[in-house]
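Let us walk through this structure step by step. Keep the sequence and the model side by side as you read.

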Amino acid sequence: MSTARIQSLPHLSPGEVSLLDLAADDPRDVVSLSDKEALILQLYNQIQELELEKALLEQDLEPASGDNPDEQLAMAERELLEARATYTVRRKAISTVLMTDPTLKAVHLKAASPAERALLPLVNRRDVLSLTHENLISAHNATLRQLSNLEVQNLQLHQKNQELVRQLLESTKDDSSWRKALDDDDLKAQLDHLEADRKKSKSRWEVMKSIASAIVVGSGVNWAEDDGLTALVLDGSDD
């Protein structure tokens, strides 16, 4: 693993870079097949496709009931999917059985034919890739957890920043000269937004206070003898 490789991926740890190197394409993964072997594999794949088509055609479909074509189509699709799934499971089971014997011979160094002996490096490579995949998944999940925690922290800091800006506005609302010294455009935008919200809240409060004052005056209550009502009616402050 070269230093240049690590520097090109600064967001990854050296261990994760090593895992990526292990998972990279390797010329040893390519198996050279003779024309006869390639033809056998091609014919085998064709046989599997024909077997699948045969299994689908032999599937006993339930007689359609009702006159709704959509329901009939959905039922037919479901039955075909079930038939395909059943055939796929059976095919995988057979393939696993067929692969087990030559794989065991290759692992235990009892392979007799050249094809069986060629399996050993491929089996080793498969195991390495499986282990690499498992470790990369773990690293990926750890990164997602770290990202989630950082997003929560960022949200908390943003809320704290908004609160500090609100306090700053409250403490300096009579002196706006400090705004000209700000160089942070984001902070200026937040200040403008909070100032607009404050003005809207103040406007709503003034309307509610005026309505309440008018109700008290029009009710005929002797509000002059009540300090609270007097303060409400005569309060002309702008705060």
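Start with a term. A helix here is a DSSP run of H or I with at least four residues, and helices are numbered from the N terminus. One caution also belongs here: the model is predicted.

Now the overall fold. The chain has 8 helices and 0 strands. Its pattern along the sequence is α-α-α-α-α-α-α-α. Of its 239 residues, 13% count as buried. A residue is called buried when its relative accessible area is under 20%. The chain exposes about 18800 Å². Carbon and sulfur atoms supply 58% of that area.

Turn to the largest pocket. How much space lies in it? The volume is about 940 Å³. Its lining counts 21 residues. Nearest the centre of this pocket lie L41, M99, P102, A115 and L119. Several helices take part in the lining. At least two residues each come from α3 (35-57), α4 (69-107), α5 (114-117) and α6 (119-171). Which helix gives the most to this lining? That is α4, with 6 residues.

Besides lying by the pocket centre, L41 belongs to a nonpolar surface patch. V31 and L33 are the other members of this patch. Together the three make about 240 Å². Where is L33 placed? L33 sits in the loop between α2 (14-23) and α3 (35-57).

Last, look at charge. Side chains of opposite charge can pair when their charged atoms come close. How many salt bridges does the model hold? The count comes to 1 salt bridge. To qualify, a side-chain nitrogen of Lys or Arg must lie within 4 Å of a carboxyl oxygen of Asp or Glu. R126 and D127 form this pair. Their closest N and O atoms are 3.2 Å apart, so the pair meets the cut-off. R126 is partly exposed, at 45% relative accessibility. D127 is also partly exposed, at 40%.

Note on methods. Residues numbered from 1 in each chain as written. Predicted model: local features only at pLDDT ≥ 70, side-chain atom pairs only at ≥ 80, totals over all residues. Heavy atoms only, no water. Patch = residues over 30% accessible without salt bridge, like charges linked within 9 Å, V, L, I, M, F, W, Y side chains within 5 Å. Areas by Shrake-Rupley, 256 points an atom, 1.4 Å probe, with all protein chains shown as cover. Buried < 20%, exposed > 50% of the residue type's maximum accessible area, 1.4 Å probe, protein only. 1 Å grid on protein atoms, 1.4 Å probe; cavity = no way out; pocket = protein on both sides within 12 Å on 5 of 7 lines; lining within 4 Å. Points joined across faces, edges and corners; volume = space filled by probe spheres on them.
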